[in-house]
Amino acid sequence: ARRWNRTSGKSGRSGGVLREPFFSRSGAFNSTETTMRNLVATSIRRWRVPLAPNLSTPKGDDEQIVVSCYDAETRVTYVVTDACNLYGIWDDAPGGDATTLCLEMCLVEPSLACAADGDEKNMRDVTSPDDVTDVEAPDPDSNDTQHSALTSVTKIVGMVFVDDLRGVCVACATGELIVVAPDPDDDGDGDSSILTKACVPECVGKVAQGLRAMSWNPDGELLVLATWAGTLILMTKDFRVLAEAPVGGGGGNGVASLSWRGDGQFLASLVSATGKEPSLRVWEREDLAFHATGESLRPQRISSGDLLFGGFEAGDESDETKSEDATRRRLPYSPPLAWQPRGALIAVATVAQNERDDVDSDDTSASESDGGAAPEKKGKENPTKPSKLTPTAASIIFYERNGLRRGEFTLPKFAVSGTTVTSIAWSSDSRRLAVCVCDPEGARASFFPSAGSGGGGEKKSDSRRRDGDGKHQHRDAAHGSAVQIWRRGNGRWYLSKQICFATCEGEKVSCTWDAVAADTLRTCTPSGLIETHVFCDEVCVSSTGTVAVIDGGAVLVTPLAKTVIPPPMAAATVTFPNSVQDVCFSPGRCIGGCVECDSFRDTNNGRLSTHTHARTLAGEHVLALLSDGRLAICSARLHTEWEETAETLMDEDDECEFKSRDFFATDDDVLLVGKIVNPVSGSHNLLEHPGDVARRVAWIDFDTVLLTTERPSDGSCSLVSIKLTKQTVGASAGLSKLAARDAGWHCEVVAVVDLPGCANAIAVAEGEPVACAFVQLQNRGQVSGDSSLNARTEKNDASANSNNVLLASAEVDTNGDFVLEVLPVTWPSGALSTSCVALKALPPVQKGGPPALCGLDGKGTLFCGEKILANEIRSFTTHFGATGTGKQSGDLSMDDSVAAAAANALAWRLWSLGDTPTGNTPTPPPPPPPHENPNQ
């Protein structure tokens, strides 16, 4: 059944009781803990690598980053460009475009690589077994004291930071293995573990057939090379060959990807020649013994990457894409492949394909030509009328170690031309999967504007098309690439976060998760933008008890005060035209009225009755911040009746012809559609500069929204005050008033305030007489779970945690102008001593005082201002005011949760003003004394 009964499990609208949440023995929630939360960034840091012109190109364009790696001990990110230059960026370096480098080295320049006496510390001999004769090693008897690591610029196929070597190992397509590491016998005064210009790039060996891919074992003891001849070579960390195995796909411009299991006992490979589908094979650690082959995905097709024209599958290249500029722009990428660290799943990506003839050809599957895999069943031999293969969408497919399929999920449409996956990566705790996608036509349009035309009426319907999983297809046409972060809960994959990049950054964006801090993600673009994102889980819940969960371009809404629906189901699903960056609810005190008019029913008995007719909402609204900087809105018809709204809209269109364009009906679900809030100025979005990035949004009053923005180029941050206006739109063009309930919303930027740092959280003080909210700033260099880095940051910057909380208030002055005032929080009940991952505003500690702030940091410490309340806490909530709702017995004109939110807001307001509550709203108790035991 689509809906879950509130009490007995049957479909219906009967009332129910909100039961206690289920806890496991460890004190954590069950699977609902993760499926009911959103992924937000508590810290984002950005650097821009100052790239030099690439003199190997005819026009001398700027070089582009090909590969990157990270050294966790020294906290340095290393990158190599297509001009074979090695750069290093320290985490302590200033962010933005003014980034300074800690290492700059050319791998092609001559350097001292081996001593005249043949010192073996510089002569890592590559000894091969009798059947391996194609690996060249430096000659120890040579009298040359200098040689070039690389004799000319070549393509780089991989780079890894090796802990045992304390340096980087770079693999080249021409077969060279280059190691840049400090001299272990150097007795200098500096830190020998940090790569400097004094380090010598050394060629430790060369494979005559050339290299396609390189992968080091997780324990750093072994590495595997994939050659152009279709073989795998297993080596020790001293570059001594242990074994060789044929893998197929030799000859031509082939592709290859390698990935080890978390324990290093098995290796997965995707190898094929150009134009053929890669075949998945699993190998054992010892002697590369063959273990299993992945079963066929027909009619789906594994992405083969592209060594020459990234972003286009083989056979799709036009004359324009083969030009020098296009080839320079689109860097090569290998077939996406990633083995889950815990070892259960192997993830691969498939490409979208249209309906096509099922013909028997050699390029149907690489496994047929390579051997080692059972041939697929051939279609019926009918030369006059071949059978058809059904169209497929871009997906992520999972395999087990034995080669059997283990589930999949479909990727939303990223652009008009489709979705191309360039790489995938698992987090170290195996909870999240990062998928790097790009818009192939977006890269083409950057060089050939006439080739990629978008928009238009017929394109509009594409953004509303559904995929095979029942999820909505969305487009981010303004961006050329993105990193999608997926998580799994209750048998469903959720798109928790999408980090978008402009087309000018290039399409081959790479990402890696931190090996220790599982919530830290590092991204790198070809144009030199490096970002570090630290994530945490956050619950988006309104004052009426409604929860919103982001799933790509959709928001799952469930009013938990009325019904408990187990995930992955929800009371209503709201879809938006682009991926959702952040989401918030309308203030609970602004909800009331009826369906016929947006009015709040004034009553006595302590109900909040200070709002006028024009400053109330009939139903609860959800406001979404989209990835392109726009705002979109959707509402329930009355109070928190989200499910009833979808059902009513369904009943209004019995023929399901989507006349209202306000919902979509399927066999098992009804999807509401969010409406764009159009700016008054007619601009596409609310951002001041095209390069600005919107991060968080909060609805603090009926007509006031706060938006935080960042400018990656210079690191500046701003707080934007937005005025919302609602124009009454009646039934027209055959639409009912319910279907047009969200039409007529407009927004306008009325004030902008520069912030001293990036804002990562907003806590709305809903009961204050003046609309206000706490704004928390992230600490410079803050990394979750990295205590040494945090301690070093505090040591270097004594004011790192001072005034990291601001109070922003928005009001109208005597002249009728909107004023946004931002003040640092200095009172003890609101000044948090550390940056927190969860915030909640509280009424003043003393009557008539400023509001208080409660927060939970990443270590589980619960704060109320500067005071520590408890330790080892996973989640918390707050309550203020009457335990009742202020409703008369038998009064059904207002939802219980809405009435409770209004009563609590009134009690808060009176307490802040220093007034004495009347009616049945009791006086809030004074704050309790601190406990002797902080865990109580």
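This is a predicted model: local features need pLDDT of at least 70, side-chain atom pairs count only at pLDDT 80 or more; totals for chains, interfaces and linings use all residues.
Local features require pLDDT of at least 70 and side-chain atom pairs pLDDT 80 or more, while totals for chains, interfaces and linings use all residues. Residues are numbered from 1 along each chain as its sequence is written, and side-chain values use heavy atoms, without hydrogens and water.

Eight cavities of 30 Å³ or more are present. A cavity is a set of points on a 1 Å grid over the protein atoms alone where a 1.4 Å probe fits but cannot get out. Points are joined across faces, edges and corners, and volume is the space filled by probe spheres set on them. The largest cavity holds about 100 Å³. Its lining residues (an atom within 4 Å of a point) include Y70, R522 and I530. Strands β2 (65–71), β31 (510–513) and β32 (520–524) each contribute at least two lining residues; strands are DSSP E runs of at least two residues, and helices are H or I runs of at least four, numbered from the N terminus.

T74 sits in the loop between β2 and β3 (76–81). T74 is buried (under 20% relative accessible area), at 7%. Contacts (heavy atoms within 4.5 Å) link T74 to W90, R166, S193 and I194, leaving out residues up to four places away in sequence.

Two peptide bonds are cis. The R298 to P299 bond has omega near 10°. P299 falls in the loop between β20 (290–293) and α2 (324–329). The P567 to P568 bond also has omega near 10°.

L288, not a glycine, has positive phi, near 55°. L288 is buried at 3% relative accessible area.

Notes. On a 1 Å grid over the protein atoms alone, a cavity is a set of points where a 1.4 Å probe fits but cannot get out, and a pocket is an open set with protein on both sides within 12 Å along at least five of seven lines; lining residues have an atom within 4 Å of a point. Buried means under 20% relative accessible area, exposed over 50%, partly exposed in between (1.4 Å probe, protein chains only).
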